[in-house]
Amino acid sequence: MTDSTFRPPEQSVPMEPTRNPEVSLSDLITVLLDKGTYLNLDLIISVADIPLIGVNLRATIAGMETMLEYGMMRDWDEKTRAWVRQSVARHFPLDDGEEVVAKMAGGYFHEGWTKTWRPGSVYITNQRLVVFRREPKEILWETQLAHINALRLSDEKTIGAEIRTRLLVDTADGVTTMLSASAPGRIRELIAQQHPHLRTPAHLAPPAGETPQLTKHAWYLEHRAGGTLWRGGTVSIDEQRLAWRAPTDARHAVNLSWQQITGVDLADMRAPSGEGHALHLTTRQGDEYFGLAQPEQWVRLISERIAGDVNSKEESNAGN
């Protein structure tokens, strides 16, 4: 049996099995539920060195909340959907005909007698955007998707001087609510898929010459002690940098300024995104690989950004 876990072309050798006596079954289950894993296995059954049966297995294993968050397993039959709705409804109140599209950790900024963050879970359904607390059960904040006028991302500096991206929700009553979430860009993307008019309005677009922030779900090929592993998360680019972070990560696992990226192209390798190519970045620290839909468009965008940064430097040097 050979384990052909995805690797860059120059590192595509089978992983050697490892054993860690300190890792328990509960540790494995925790990783699968919180982050999930992607398997790409080639199994050959042979007798007397004669290969008889071949099995090619590609599977994603993750907790149901992670599956929902990344839009997987949506093509269920009605019986399975009804069972999932019933299970979710035991903890979260669903309306008639309502289905959960995604769920992630988050909260909302309450501006009452005191201004404070109220933590809970952010639910995106096919009807509502809700911040819900499970214990004790309480809907902390909610709005119908049809009542949302705009969704905006805003960077805020925390007390610890960290930059956190918040989601600003403008509703039809003229109120703007600030939400926190593990992947705020993902929330905006999922809601905009149902209501395309909620894409960034023209009056909120960046000034001419600046790069708007683009956020998209992407898989990142992470290097670990035992080999490499595809992890799901969100990649974003703006005027200053390209960054990637998984929903459970407190910090960005990839945070590259445009000066650090020296090249971009497509690598001939399959990724969990289902594409036949992965996005390959050449950086001053090494190579980075991302799996995402329509990687060709991202090659063009990143190439333009790199070229623009180089031209700006040359003009600056010429002026000096």
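Author: Let's start with one term: a contact means heavy atoms within 4.5 Å. Keep in mind, too, that this is a predicted model.

Reader: Happy to. What share of the contacts with a separation of 6 or more comes from residues 24 or more positions apart?

Author: In this protein chain, such residues account for 45% of those contacts. The chain holds five helices and 16 strands.

Reader: And how much of the chain counts as buried?

Author: Of its 320 residues, 39% do.

Reader: Which residues touch the most other members in the largest nonpolar core?

Author: That core has 22 residues, and Leu129, Ile148, Val169, Leu179, Ile187 and Ile191 touch the most other members. Several elements each supply at least two residues, including β6, β7 (148-157), β8 (163-171) and α4 (184-194). Strand β3 gives the most, with four residues.

Reader: What does Val169 touch?

Author: Beyond residues up to four places away in sequence, the partners of Val169 include Leu129, Trp141, Ile148, Ala150 and Leu179. Apart from this core lies another, of 20 residues, with Val235, Leu256, Leu281 and Ile302 among them.

Note on methods: Residues numbered from 1 in each chain as written. Predicted model: local features only at pLDDT ≥ 70, side-chain atom pairs only at ≥ 80, totals over all residues. Heavy atoms only, no water. Buried < 20%, exposed > 50% of the residue type's maximum accessible area, 1.4 Å probe, protein only. Core = buried A, V, L, I, M, F, W, Y, C linked by side-chain atoms within 4.5 Å.
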